[in-house]
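The structure comes first, and the description follows.

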Amino acid sequence: MQNKLITLIGILAFITAMHACRKAEPFPDEQLDERMSGGDATVFDEGGGAFGHAVPGMNWRDEEVHDLGDKLFEAPFVTAPAPLYAGLGPVYNSRNCASCHIGDGRGKPPVNNEPMQSMFLKLALHGIDQHGAPMGVPGFGGQLQDKAIAGVQPEGTAQVTYAFFNITLADGKEVQLRNPQYSIINTYMAMPSGVITSARVANPLVGLGLLETIEEHSILKHADENDLDGDGISGKPNYVYDYIHKKSHVLGRFGWKASSADVKTQTAKALNGDMGITTSLFPQKSAHGQEQMKAAFMQTPYDLHDTMWQAVSFYTKTLAVPARRNTGDAVVKAGQAIFKNIDCAKCHVDVHMTQTNVAFAPLSGQVIRPYTDMLLHDMGAGLADAYPEFEASGNEWRTAPLWGLGLTQRVSGHTYLLHDGRARNVTEAILWHGGEAEASKQKFVQLNTGERNALLKFLGSL
């Protein structure tokens, strides 16, 4: 009897071990809880702080690093020398990260002639640098800095004006769109001819760590650069330079044109370009090469030590995703069906799965719903800016993740959308879609009032 019991225990142990060694399999779609946009990295908060929560499940050490990164993210940097937060400038766009990413959400264009605060102009000349990135402008670099510390002149001031036109929807509703035009005035020196500009607002930060953890093959399976299936949609990856590992042809994931391979690089770029803060990754000031650049502005070795830069990066990587709302509402469900029927889901792909990450369990093996394919798409002449980044043309933009979309007003205090905030609401954003999305836009135009309202209510639930 004892031998039989031992044998039975052994068999059960073997079965348990075999089950534990099996690879995780995705749940069938109908078994997923659609509220859980970030899988286990989802938080239930519909208020103004919905984008500011750490992912659940971190140990106390990770929570300490996250909190340190949060403090640095909020901290106003100052001119060196200073005991804390030193190294601002000498030219810059903002004193801290939080003023661009409003509530950890998206930035907005200037309103009523106010100065640009969470928006800036990228600059380039035709050509590429040694890494395949856009060629900076002599005396101005790759971004127009419109502020400066004492004794230094800002590089210039960006101005935006709008031309307005109307689109009539099938039910007779008139929608006014605004087309931005940008100019640069009060430059500290003459700007070379042929400068290409691209206006950008800050992207929301929720779920960045999850997007970084999606398996590369899971992204590439949605690519169809030559439109072999003939559906008019030909998403392609942007392959970029990996500044951390010094490698070319690495999949880009972050930024409006997927021009950064990882969160750490994106963070270091923003610190340098927006605030003039140097790191070991980008050790030169954004004003490097300018006549007004002085040796006194240089810090040794860098403005921000690696531990501090990595803490800011870790903070942005570990921001949780707010849960979806009203998933059981009949109108929301109808809008979700319309979203798929008019082919929005071909680019705004709903479900992905993150890879196994034994080093950081909170983001590991999560079924997530970001509503993006992470690929570049030709969005047509209306949104084109003539500004290429690595393999992205001026017409091409990364599919924007839609999670958190419905909370933008509560979190960031506005509803401006698209790369330059030209769209004042979701309807305008859809109507700016062209190129590969032209057919879907025309289907949207043809919706009746009830169908359109259902679709908008669905998008508001994300």
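This is a predicted model: local features need pLDDT of at least 70, side-chain atom pairs count only at pLDDT 80 or more; totals for chains, interfaces and linings use all residues.

The largest cavity holds about 600 Å³ of space, and its lining is made up of 32 residues, of which His348, Ala400, Leu402, Leu418 and His433 lie nearest the centre.

Several elements contribute to that lining: strand S15 (396-398), helix H9 (426-431), helix H10 (438-445) and helix H11 (449-460) each supply at least two residues to the largest cavity. Divided by class, the lining of the largest cavity has 21 nonpolar residues, six polar and five charged.

## A three-stranded sheet

Three strands form an open sheet in the order S4-S3-S8, and their pairing is antiparallel. Strand S4 (134-135) and strand S8 (196-201) are the edge strands, each of them pairing on one side only.

Strand S3 (residues 119-128) pairs with S4 in the antiparallel sense over two bridges, and Ile128 has Pro134 in S4 as its bridge partner.

## The contact of H7 with H11

Helix H11, which supplies at least two residues to the lining of the largest cavity, also meets helix H7 (residues 330-341), the two axes coming within 7 Å and crossing at roughly 100 degrees. Because the crossing angle falls in the range of 65 to 115 degrees, H7 counts as roughly perpendicular to H11.

On the H7 side the contact is made by Val331, Val332, Ala334, Gly335, Gln336, Ile338 and Phe339, while H11 brings Glu451, Ala454, Leu455, Lys457, Phe458 and Leu459. By class, this contact of H7 with H11 comprises nine nonpolar, two polar and two charged residues.

Technical notes:
Residues are numbered from 1 along each chain as its sequence is written. Side-chain values use heavy atoms; hydrogens and water are left out. On a 1 Å grid over the protein atoms alone, a cavity is a set of points where a 1.4 Å probe fits but cannot get out, and a pocket is an open set with protein on both sides within 12 Å along at least five of seven lines; lining residues have an atom within 4 Å of a point. Grid points are joined across faces, edges and corners, and a volume is the space filled by probe spheres set on the points. Helices (H or I, at least four residues) and strands (E, at least two) are DSSP runs, numbered from the N terminus. Ala, Val, Leu, Ile, Met, Phe, Trp, Tyr, Cys and Pro count as nonpolar, Asp, Glu, Lys and Arg as charged, and the others, Gly among them, as polar. Two strands pair if DSSP finds at least two bridges between them. Axes are lines fitted to C-alpha atoms, for helices over the stretch in contact, and angles run from 0 to 180 degrees between N-to-C directions. Angles under 35 degrees count as roughly parallel, over 145 as roughly antiparallel, 65 to 115 as roughly perpendicular and the rest as oblique. Contact means heavy atoms within 4.5 Å.
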